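Okay, everyone, thanks for coming. Let me put this one up on the screen and walk you through a few spots.

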Amino acid sequence: MIPDLSQLLILDSLLREGSLTRTAELLGMSQPTVSRALARLRSHFDDPLFVRTGQRMVATTRALALAGPIAAVLDAARELDSGPAVFDPLTAQRSFGLYMVDGAVVNILPQLLAGLARLEDGASGLQLRSVHIDPGAIEAQLERGHIDLAIGRFPQLVNNIRRRKLWTDEYACVMRAGHPCAGQLDRDAYLTHRHVLIEMEQTSQHNGAVTRKLETLLAPSRILCHVPSYTSAAHIALHTDAIATIPLRLARPLARDLGLVLARLPIDLPPVHLALYWHERSHRDPANVWLRAFVRSTLTASDPVSVDI
């Protein structure tokens, strides 16, 4: 059996102090208690460990050989007792994997990168990776730690997955400048003009439901095409007379960057609920705790209070 921690503390102190009396004082023990512990240690290691020379106790070769391993055991015990390490984003070296659909990469990732840049020295040791994986593997990749955080709407994530709401978004329309409906998009105009629809059912059940509803409202001849992402839909709208229906918080930057006209949606569609998702295994990890707080504070701080278009 390995000696218990109290005995190892005594041996460590004796190695440093060379005195039973001083060790007893430092550890708050009586001298007889220290003497009894030393006797047990001598028996365990089958070595005198210390020999008295004048007023000092001099360590034997065997005791000196034990000094390093004992210090390592005590350091490990202190670390276990101290709780989780503190994560300092200004000094840490860490790469965080984020999973988002394309719209979030275009809209959210630049905000997060700007948020990092605002930290002291730009938090130069931190990196954000947008991870591309099979949507069906999100849960497994969160569990394995390949993804630290998923951002979006993934109601299928339920096994040992935590979530926290970010915001609720509504839909808006984008069209090219000079479009016949620019500035006057009502329900009749919306239903009679052509549309580019987004087909993201594999990555977003909500988007699939929205697309199916639009397909029931629009005549087949009014559907110009289906595309696999919001950004590609916006580019199709830029070069045609098609209207793209996109979540507002993504439609705004796409309209700004591409010179598109933004219009209020004249029909009812269910809102989009976006959230953060992480695995239970990472819930108390100081780095993941910091990441979640950073993402949420950065995105909600830049989130417009008004949804006016």
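So, Leu98 has Leu149 in strand 5 as its bridge partner. Strand 3, residues 94–99, pairs with strand 5 in the parallel sense over two bridges; pairing here takes at least two DSSP bridges between the strands. Strands are DSSP E runs of at least two residues, helices are H or I runs of at least four, and both are numbered from the N terminus.

Quick caveat: this is a predicted model, where local features need pLDDT of at least 70 and side-chain atom pairs count only at pLDDT 80 or more, while totals for chains, interfaces and linings use all residues. Numbering starts from 1 along each chain as its sequence is written, and side-chain values use heavy atoms, with hydrogens and water left out.

Back to strand 5, residues 149–152. Which way do its side chains point? Leu149 and Ile151 go one way, Ala150 and Gly152 the other, and all are buried, meaning under 20% relative accessible area with a 1.4 Å probe, protein chains only; over 50% is exposed, and in between is partly exposed. In a regular strand, side chains alternate between the two sheet faces. Strand 5 also pairs with strand 12 (residues 272–279), antiparallel, over three bridges, and Ala150 sits opposite Tyr277 there.

Now the other sheet I wanted to show: five strands, open, mixed pairing, order 9-8-10-7-11. Strand 9 (223–227) and strand 11 (261–264) are at the edges with a single partner strand each, so one side of each has no neighbour in the sheet. Strand 7, residues 171–175, pairs antiparallel with strand 11 over four bridges, and Val174 has Leu262 as its bridge partner.
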